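Hi everyone, thanks for making time this morning. Please have a look at the model on the screen, and then I'll talk you through a few parts of it.

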Amino acid sequence: MFGLEALDLARIQFAFTISFHILFPAITIGLASYLAVLEGLWLKTRNHTYRDLYHFWSKIFAVNFGMGVVSGLVMAYQFGTNWSRFSDFAGAVTGPLLTYEVLTAFFLEAGFLGVMLFGWNKVGRGLHFFSTVMVAIGTLISTFWILASNSWMQTPQGFEIVNGQVIPTDWLAIIFNPSFPYRLMHMATAAFVATAFFVGSSAAWHLLRGRDNPAIRTMLSMAMWMALIVAPIQAVIGDFHGLNTLKHQPAKIAAIEGHWENHGDEATPLILFGWPDMKEERTKFAVEIPYLGSLILTHSLDKQVPALKEFPPEDRPNSTIVFWSFRIMVGLGFLMIFTGLWSLWLRKRDSLYTSRPFLHLALWMGPSGLIAILAGWFTTEIGRQPWVVYGLMRTADASSNHSFMQMSITLIMFVVVYFALFGAGLGYMMRLVRKGPKISEGSETPDGGPGKKRTPARPLSAADDPAEGEHEDNTRLTKEI
């Protein structure tokens with residue numbers, strides 16, 4: 001079917017499941033830190049706006065966290081079902097790294113998540129805030145170990161191969177492999193930026209519908225400050241990450257640039273747009289800027305970038321895909337920087353919350369961070385091909401011995417179940433976003449802090465308390481009788 005083989009379906013299945021999964025941890029990482037900041041600000045200022053926002057976003061965090069855990073379990077099982085040869089080859093490295101994540105991040109999150117979500121009126125303020133901070137740290141620790149494992153597959157070191165299996169010889173070298181620091185910073189920062197635009201888009205949605213209150217304004221203000229500061233930092237990190245990739249995976253850079261061959265001593269141009277053709281070995285309809293490729297990728301005007309024709313055809317990544325996935329990521333990054341700068345200009349003119357053109361842009365930029373993350377992961381993972389462990393094991397040698405029919409059935413089942421299950425979860429989360437935060441009627445409302453009597457925060461509730469409605473109905477019925 002469509003010229004696909006069982007290996008292709010296995011890759012599509014893994015790409016499909018990881019594309020769903022990565023969205024949830026990204027928002028979880030950002031929201032966990034956002035909640036820690038909100039609670040810290042509330043404890044410092046006693047401004048009830050921060051408390052209201054904490055309860056609002058903790059509900060969305062809880063739903064998102066649950067979907068992230070479920071989708072992550074599927075990812076782990078696929079290593080054994082669809083990629084058993086890879087597990088046999090590199091399991092001595094990837095297995096312990098994933099175990100370290102469970103022993104550190106999962107245990108830390110599990111130990112404090114219940115207190116964070118359900119302990120608002122049951123424990124003291126200090127303990128509750130400590131629990132929120134620990135959950136936020138746990139999400140970052142999880143990122144640390146996942147990126148250590150994936151980065152090792154990109155730039156493996158600290159091992160030897162014995163009887164066809166990878167044997168660890170230096171765990172520090174394995175964990176802190178050459179690409180790890182850049183990829184960790186790039187992913188963590190991407191999560192913060194994606195969450196900022198998710199929060200900002202939510203605020204813009206309410207403002208465009210006339211719901212203007214301190215909580216909504218605070219959401220938009222905090223989100224735009226984050227975009228203004230962090231989006232440019234992400235661009236700088238991306239530049240360093242690109243230099244590291246050029247050093248260790250030059251074929252990936254050549255594919256990203258759609259750069260097929262060098263001509264004499266000429267500097268490498270930057271191809272803005274075009275269509276890399278893998279069969280004809282050229283980029284059609286190329287729009288080039290002379291020298292700019294060398295300037296960006298080597299920080300000089302005379303050094304050349306390696307070209308795809310310098311690598312055997314069987315070792316070349318699919319330039320058609322990564323050329324455009326990379327440009328989608330970069331293009332969205334520039335839009336994020338522009339949005340942050342526009343928000344600063346409007347803030348100075350005291351029209352940040354009333355400029356409808358800006359609010360519409362902020363609304364439509366809501367999914368931009370998540371789309372950029374997906375585009376970046378496609379660039380990274382497809383650009384590593386044809387290797388599953390770069391330079392050591394090809395993807396074709398890593399898959400399990402499944403038939404085309406088996407992979408077709410399981411892929412269809414994954415698509416149906418994922419769209420039904422996570423579609424419902426995403427719909428529920430959007431329902432929470434549409435409701436918006438419940439606003440306290442002034443600063444004279446009950447204190448409501450941890451350890452204080454107030455209506456409990458119910459992180460998984462999107463509707464009004466049924467008990468309250470039942471009480472009103474019973475009172476009305478009693479009066480009628």
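This is a predicted model: local features need pLDDT of at least 70, side-chain atom pairs count only at pLDDT 80 or more; totals for chains, interfaces and linings use all residues.

Residues are numbered from 1 along each chain as its sequence is written, and side-chain values use heavy atoms, with hydrogens and water left out.

Helices (H or I, at least four residues) and strands (E, at least two) are DSSP runs, numbered from the N terminus.

Let's begin with helix H1, residues 6-45, and helix H4, residues 125-154, whose axes come within 9 Å and cross at roughly 155°. That makes H1 roughly antiparallel to H4. For angles, under 35 degrees counts as roughly parallel, over 145 as roughly antiparallel, 65 to 115 as roughly perpendicular, and the rest as oblique. The axes are lines fitted to C-alpha atoms, for helices over the stretch in contact, and the angles run from 0 to 180 degrees between N-to-C directions. Contact here means heavy atoms within 4.5 Å. Among the residues that meet are Ala-32, Leu-35 and Trp-42 in H1, and Phe-129, Val-133 and Leu-140 in H4. The residues of this H1 and H4 contact divide into 11 nonpolar, 7 polar and 2 charged. In that count Ala, Val, Leu, Ile, Met, Phe, Trp, Tyr, Cys and Pro are nonpolar, Asp, Glu, Lys and Arg are charged, and the others, Gly among them, are polar.

Next, helix H7. How do H2 and H7 cross? The axes of H2 (residues 48-81) and H7 come within 9 Å, at an angle of roughly 75°. That makes H2 roughly perpendicular to H7. On the H2 side the contact is made by Thr-49, Tyr-50, Leu-53, Phe-56 and Trp-57, and on the H7 side by Pro-214, Ala-215, Thr-218, Met-219 and Met-222. The contact of H2 with H7 has 8 nonpolar residues, 2 polar and no charged.

H7 also meets helix H10, residues 319-348: their axes come within 8 Å and cross at roughly 135°. H7 and H10 are therefore oblique to each other. Their contact includes Trp-225 and Leu-228 of H7, along with Leu-341 and Arg-347 of H10.

While we're on H7, which spans residues 214-248, look at Gln-234. Is Gln-234 buried or exposed? At 13% relative accessibility, Gln-234 counts as buried; the cut-offs are under 20% for buried, over 50% for exposed and partly exposed in between, with a 1.4 Å probe and protein chains only. Beyond its neighbours within four places in sequence, Gln-234 touches Met-185, His-186, Thr-189 and Ala-190. By contrast, Gly-114, in helix H3, is partly exposed at 36%.

Finally, the hairpins. Strands E1 (residues 159-162) and E2 (residues 165-168) pair in the antiparallel sense over 4 bridges, where pairing needs at least two bridges found by DSSP. Phe-159 stands opposite Pro-168 in E2. There are 2 residues between E1 and E2, and Asn-163 in the turn has a positive phi of about 55°.

E3 (residues 270-277) and E4 (residues 282-289) run antiparallel too, joined by 6 bridges. Pro-276 has Thr-283 in E4 as its bridge partner. This hairpin has 4 residues between its strands, with Glu-281 in the turn at a positive phi of about 55°.
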